[in-house]
Amino acid sequence: MPTAPYEQITRSLTKQPGVEIETFSYSDAYETLLSAARAYKVGRKIRYPLGNIPTDAYVLSVNLQRSSGLRGVLTVSMSRQEPTMEVIGMDYMEVQKNIKTWHQNSASATKPDLSKIAQWEDQKTYKNENAYNNYLYDGTRKLTGESLMLAQMIREDGIEYYSTYTPMITSTARLNTIPTDIGANIGKINTPTSSDPDNNLTDIVKCAAQWLKTGDRIAGALDGTYTRIQTWTGADQWNANLYT
């Protein structure tokens, strides 16, 4: 790690949204700087090497370039803020449902009578093809209204399922340590949250009445950091008896 008598040739401060980045450049023999560069771990906390430079900062990037005369320039960017970056995303997932549930959440006052639909389908099971083909649900009385429309979808159009789309929120975060709450609330009704105050989830969360935490996985990287991916799936309602 760079310590005197390495020559510090530049020092700069850059401000970006939510973070201040200090960059230091050192000049020395290339092989000497190479061992120093390998000592740094991107995303990990280290101590600044010289004078009154602040301690306990985080390494954001390391760059080593060879110059003339077997010398090199090592440039290290650091920040006092922990470089935990979180990105929020949203997508819609296709869900296939049985066609008989098509009117389940309809505001219409008239809905298919599923008991009559079941009786009509029994006509085919009992080999009463004439009644089945003519939508007779008890061999004599015919389906009407929404019940007839549903039966026609099943018989004439061959529709067994229909597609609906539900929102999914994904949080992808880079961390320096494995979180202690990994797996918490998985499979439970849980409103998405963000560790980054700048990630305002208020508007996105409104896309569904309730959310179920459906994913929480973590993977390590060669630089010693970790990536955590959490997912939540939205719905009009999750069964509280099953998911609390």
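Tyr135 is buried in this predicted model, with a relative accessibility of 5%; buried here means under 20% relative accessible area, exposed over 50%, and partly exposed in between (1.4 Å probe, protein chains only). The residue sits in the loop between helix H3 (129–133) and helix H4 (145–155), where helices (H or I, at least four residues) and strands (E, at least two) are DSSP runs numbered from the N terminus. Although Tyr135 is not a glycine, its phi is positive, at about 60°. The model is predicted, and local features need pLDDT of at least 70, side-chain atom pairs count only at pLDDT 80 or more, and totals for chains, interfaces and linings use all residues. Residues are numbered from 1 along each chain as its sequence is written, and side-chain values use heavy atoms, with hydrogens and water left out.

A positive phi, near 70°, is also found at Asn185, a residue other than glycine. Asn185 belongs to the loop between strand S7 (161–175) and helix H5 (202–205). With a relative accessible area of 37%, Asn185 is partly exposed.

Four strands form an open sheet in the order S6-S7-S9-S8, with antiparallel pairing; two strands pair if DSSP finds at least two bridges between them. The edges are taken by strand S6 (85–98) and strand S8 (210–220), each with a single partner strand, so one side of each has no neighbour in the sheet. From one strand to the next, the twist averages 20° (axes are lines fitted to C-alpha atoms, for helices over the stretch in contact, and angles run from 0 to 180 degrees between N-to-C directions). The antiparallel pairing of S6 with S7 extends over 14 bridges. Asp91 stands opposite Met168 in S7.
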